[in-house]
Amino acid sequence: MATNNEELMKKFNMWGVVKETGVDDEGLSKFYNDYFTFPMFKDEGLVLYNDFFGKRKIALTTYNPFKLYKGYTEMTKRLNGKSLDGNMTGEGMIQGGIVIFDNQGNARYAYEEIIGDELVIDDIVAALEDVANDEN
């Protein structure tokens with residue numbers, strides 16, 4: 001997203017927030033070095049996770065084993081196509097997402113993570129453009 005929207009991204013700072021360290025620091029380091037080279041912070045009290053995303057945890061969207069298997073294979077195929085490994089280490093139930101703040105520190109948009117689904121980049125770019133336009 002950042003590489004395709006360089007001019008827009010120059011108007012924003014980007015940070016990563018993690019919920020735990022000391023569990024899979026090797027995987028976290030790989031994620032940082034290979035995929036997300038922006039500053040990262042640990043959310044000790046899970047404030048972002050709880051306040052913005054309401055303590056959401058992974059839940060089944062269906063009990064149909066065929067749909068579950070299909071969803072898993074589609075996600076695995078997408079991850080493999082991007083040379084990404086699925087991380088199965090540590091606490092994996094709490095879901096996060098993306099929060100977009102304005103230059104006053106006010107949260108303007110929040111996108112909830114849906115495990116297995118790709119981010120809707122067009123929606124996130126539109127939100128960034130909206131915030132950037134409001135600040136001009």
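A search of the whole structure, which is a predicted model, finds 2 aromatic pairs, where rings of Phe, Tyr and Trp (its six-membered ring) pair if their centres lie within 6.5 Å, and planes under 30 degrees apart count as stacked, over 60 as edge-to-face and the rest as tilted. The rings of Phe 31 and Phe 36 have centres 5.8 Å apart and planes at 5°, so this pair is stacked. Ring pairs also join Phe 31, Phe 36 and Phe 38 into a cluster. The table gives the accessibility of two of these residues, with buried meaning under 20% relative accessible area, exposed over 50% and partly exposed in between (1.4 Å probe, protein chains only).

| Residue | Relative accessible area | Class |
|---|---|---|
| Phe 31 | Phe 31: 36% | partly exposed |
| Phe 36 | Phe 36: 16% | buried |

In soluble globular proteins, nonpolar side chains tend to be buried together.

Residues are numbered from 1 along each chain as its sequence is written, and side-chain values use heavy atoms, leaving out hydrogens and water. Local features need pLDDT of at least 70 and side-chain atom pairs count only at pLDDT 80 or more, while totals for chains, interfaces and linings use all residues.
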